[in-house]
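Thanks for coming, everyone. I have one structure to walk you through today. Please keep the picture in view while I talk.

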Amino acid sequence: MIGTLIKLFRKYQAKSRFNSFKNYIKIGRSHLFDTFILNVNQPIHDRIYVTVGDDTILGCQITFESGQGEIVIGNNVFLGSSQLICRTRIEIGDNVFMAWGGYIYDHDSHSTDYKEREKDITRQLEDYRSGKDFIASKNWDVVNSRPIKIGANAWIGMNCTILKGVTVGEGAIIGAGSVVTKDVPAWSIVAGNPAKVVKEIPLELRKK
């Protein structure tokens, strides 16, 4: 009896959580873990920010730091307890596996000009003290942003960081703890900070 009540409660919780962001996500026959979170700062009403295919499991946290950006996730994907932070576009192909503790981050967050970063801090304080979201007045025009694309059949190890403008080729493997700042060739294994090719995947292990 108690076990049944717990299952019903969890199902109710999951439905309640989904209802809180259902206007911003289009999802196929896929599943959201309890760890899944979708944050949209300054959302545009009923705008679809995240599109998810079928047979996918998401345990990640997705954040749109402004009303802009788009994330497209394919079929048969597993994203563990990692974070996707988007302002332009993040595209993840079919059959991608991403472990926990990672970041996919398609912008620099701040300007390289220290004067603009000083303004960011001032605006954050003003927004926070006035009860707004702390980056409500952020000037995104001075922040570099570029889309990220993860090719089909890629595997991203735990605690990896993939930065703006990167394309990860089909079937590539990114070793645990890597920081990826440049494109990753298809069917290669990269590792390190910054990530570099350490091995090519044999032809017989590549998708025909």
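**Strands side by side**

Let's begin with a sheet. Six strands form an open sheet, in the order β1-β4-β7-β10-β13-β16, and their pairing is parallel. Where does this sheet end? Its edge strands are β1, residues 25-27, and β16, residues 167-168, and each of them pairs on one side only. Before I go on, a caution: this is a predicted model.

What holds strands together in general? Strands of a sheet pair through backbone hydrogen bonds, and the pairing can be parallel or antiparallel.

Now zoom in on one pair from that order. Strand β7 covers residues 70-73, strand β10 covers residues 89-92, and the two pair in the parallel sense over four bridges. Take valine 72 as an example. Its bridge partner in β10 is glutamate 91.

Next, look at strands β3, β6 and β9. Strand β3, residues 37-40, runs parallel to strand β6, residues 61-64, and four bridges join them. Strand β6 also pairs with strand β9, residues 83-86, again in the parallel sense and over four bridges. You can follow this residue by residue. Start at asparagine 39: its bridge partner in β6 is threonine 63. Then step on from threonine 63: its bridge partner in β9 is isoleucine 85.

Now leave the strands. Find lysine 182, in the loop between β18 (179-180) and β19 (188-191). Is lysine 182 buried or exposed? Its relative accessible area is 65%, so lysine 182 is exposed, as the cut-off for exposed is over 50%.

**The whole protein**

Step back. How many helices and strands does the protein have? The count is two helices and 20 strands.

What about overall size? The C-alpha atoms fill a box of roughly 60 × 60 × 30 Å along the principal axes. For 208 residues, a compact globule would have a radius of gyration near 17 Å; this protein has 19 Å, which agrees.

On to the inside and the surface. Buried residues make up 38% of the 208 residues. The protein exposes about 11,800 Å², and carbon and sulfur atoms supply 55% of that area.

Then contacts. Take those between residues at least 6 apart in sequence: 31% of them join residues at least 24 apart.

Last, charge. The protein has 27 positive and 22 negative charges, and their mean positions are 4 Å apart.

That's my tour. Over to you.

How values were computed: Residues are numbered from 1 along each chain as its sequence is written. This is a predicted model: local features need pLDDT of at least 70, side-chain atom pairs count only at pLDDT 80 or more; totals for chains, interfaces and linings use all residues. Side-chain values use heavy atoms; hydrogens and water are left out. The radius of gyration is taken over C-alpha atoms; the globule rule is 2.2 Å times the number of residues to the power 0.38. Buried means under 20% relative accessible area, exposed over 50%, partly exposed in between (1.4 Å probe, protein chains only). Contact means heavy atoms within 4.5 Å. Accessible areas come from the Shrake-Rupley method with a 1.4 Å probe; for residues, only the protein chains shown count as cover. Lys and Arg count as positive and Asp and Glu as negative; His and the chain ends are not counted. The place of a charge is taken as NZ of Lys, CZ of Arg, CG of Asp or CD of Glu. Two strands pair if DSSP finds at least two bridges between them.
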